[in-house]
Amino acid sequence: MKTESQIQDGQPLWRPVPEDLVGSNISAFMARLTARHGVHFAGYAELHQWSIDHREAFWDEIWEFCGVIGDKGARILIDDHMPGAKFFPDAQLNFAENLLFHQGDGPAIYFNNEGVTAAPLSWNDLRAEVARFASVLRGWGVVPGDRVAAFMPNCPETVVAMLAATSLGAVFSSCSPDFGVRGVLDRFGQIEPKVLVACDGYRYAGKILPSHDKLAEIIGGLPSLEHVAVVPFIGQGPKDLPKAEDWKELLAAAPVAPLAFTRLPFAHPLYIMYSSGTTGVPKCIVHSAGGTLLQHMKEHKLHCGLKPGERLFYFSTCGWMMWNWLVSGLAVEATLALYDGSPFAPDERVLFDYADEIGINVFGTSAKFIDAVKKSGMKPRDTHDLSSIRLILSTGSPLVPESFDFVYEDIKRDAALCSISGGTDILACFVGGSPLLPVWRGEIQAKMLGMASEVWDENGKPVVGEKGELVCTKSFPSMPIGFWNDKDGAKYNAAYFERFPGTWCHGDFAEITSHGGFIIHGRSDATLNPGGVRIGTAEIYAQVEQLPEVQEALAIGQDWEGDARVVLFVVMKPGVALDDALQAKIRKRIREGASPRHVPAKIVAVADIPRTKSGKITELAVRDVVHGRAIKNAEALANPEALDLFKNLKELQS
């Protein structure tokens, strides 16, 4: 365990063990490059630089090393500019074929629903179920390019539906059943699905929540729908829903046919993902089969070091990109560990119980979950074995230094902790972990291979040790094909290339450290600007959320007397009041831990903070409410009623 003095003395929290690297995937990949290209690497930085300087050779080698199934074609990269670059323009492949090549009776998927683990689904059973549902879809007339949508929990049937749809070349899109009707229609209504796969209900925090009423409205609001398959997740089935048939009955009656895969171009649409929708109707982001497959196989095999049979877990719903990232683990023969429901039901032990029960090797979660476990007082190192876990991943929001301490002191001392950052926009990571590098407190380890990630100042100049915009200066395979119904590409260009033409500007406020790592300080559009100085909101949260009295916080800039002042909203721990003494304590912590510029002009206690369906707090929506502006799409929030707490606050009138 690292002490505070050791951390301050510049010691990393974790270092790779040399003997573990001998048989690692990334060592084998470097040996391959040495043999084939005559290049030698002193470490990860040199490997990364080679992947940027020789991108065609790098992505060609990724295809071969990862064993992509398909016809690669002769050309690797043409029209190399952003937007517009085309990777593997002559290739033909099928996404599902690459996820289902493995056969056998070993487990392909585990599933746990709030503490209850089902019998695992074997590789052979997974292939058989996919073949059956593909037969159903084929019988319904589904052809390449048709959309198949899912309103589903994170369960095996959702994976089966995705693989069956994509085996035919259909485009898959999903959201979780906690979405409201308007939120679903705002998404699926734009893409006009032919088929909907939906659950009859779901479980959350110990409650059974039927979906029939919502489904009736959703089906009625999607005139493009021709068929609905209802998974009896809570045992009720389709009842009298229009166009609906029972999932189990459909599969039982499906003609037995061998798995078949329609191979299509590398850039054929695979997934339609959605922006958060908190500032308007969600943007529909279209991702390619080849780009998604190649990026995910690279990240799973090289950055996570996954080996066949290892258990891969990431806490996610089907409305977050980490679900798509997780299921791609099948392509490297990993066993998926799915979970649905509250991560604290029946209690805060449940995910760690699951890890011990099935031997999870890669444990993925969010920064908010780690903080919540810390604040619960639980110390998993004392309550669980966790010997199987070798890698812990965190994303969704910046992982603060104190959470790094908690992981190494109270969860697992000998696991690599990798904070990762990318997004729905690229369905992958710009920065993340490397098995070759140490873990430094509060830092993301490195740039991802093949990703020319930099931080630029407002003049478009690269900076190190200064805060600026996270950018990517060279094209990469998982750039979106574009946005749905954006025929001239205007919205797509405006989203990523307007700030710095020809360079991807991701919208994160970031910093490169002296170790070559990264710190994400928050979203650029939520950056505070008091007195003209840019401040990342994550810098404030990193201080205030360490106080035991504070459950959660949200900061905005309020327009005030010709400038912007920092306003901090706090949710207090039960039984704690925000009095003058506590306000002084909060300000002192921020001043000493960040800077005087970060100290809020106003601190206001609220009962709740609005968040998206994937659990991210929504500074922009709160800022709009405080300034009396209309919220364009409150339905995109998990708890839209929380916005009312920020209206007409008397504390902000002076």
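Author: Helices here (H or I, at least four residues) and strands (E, at least two) are DSSP runs, numbered from the N terminus. A caution first: this is a predicted model, where local features need pLDDT of at least 70 and side-chain atom pairs count only at pLDDT 80 or more, while totals for chains, interfaces and linings use all residues. Residues are numbered from 1 along each chain as its sequence is written, and side-chain values use heavy atoms, with hydrogens and water left out.

Reader: What angle do the axes of α7 and α8 make where they cross?

Author: In general, two packed helices are described by the angle between their axes and the distance between the axes. The axes are lines fitted to C-alpha atoms, for helices over the stretch in contact, and angles run from 0 to 180 degrees between N-to-C directions. Here α7 (residues 123–139) and α8 (residues 156–167) cross at roughly 55°, and their axes come within 8 Å. The crossing is right-handed; a crossing gets that name if the near helix is turned clockwise from the far one by less than a right angle, and left-handed if anticlockwise.

Reader: Which residues make the contact of α7 with α8?

Author: Contact means heavy atoms within 4.5 Å. From α7 come L126, E129, V130, F133, A134 and L137, and from α8 come V160, A161, L163, A164, A165 and S167. By class, that contact has ten nonpolar, one polar and one charged residues (Ala, Val, Leu, Ile, Met, Phe, Trp, Tyr, Cys and Pro count as nonpolar, Asp, Glu, Lys and Arg as charged, and the others, Gly among them, as polar).

Reader: Is α8 itself buried or exposed?

Author: Buried means under 20% relative accessible area, exposed over 50%, and partly exposed in between (1.4 Å probe, protein chains only). Eleven of the twelve residues of α8 are buried, so the helix is largely enclosed by the rest of the structure. P156, V160 and S167 are among the buried ones. Just after α8, G169 takes a positive phi of about 85°.

Reader: How many residues of α9 are buried?

Author: Eight of the eleven residues of α9 (residues 181–191) are, so α9 too is largely enclosed by the rest of the structure. The buried residues include D186, R187 and F188. They pack against β8 (147–151), β9 (171–175), β10 (195–199), α10 (212–220), β16 (269–274) and β17 (284–288). E192 follows α9, with a positive phi near 50°.

Reader: What is the handedness of the crossing of α3 and α4?

Author: That one is left-handed. The axes of α3 (residues 25–37) and α4 (residues 44–53) come within 12 Å and cross at roughly 55°. I26, F29, M30, L33 and H37 of α3 meet Y44, L47 and W50 of α4. Those residues divide into seven nonpolar, one polar and no charged.
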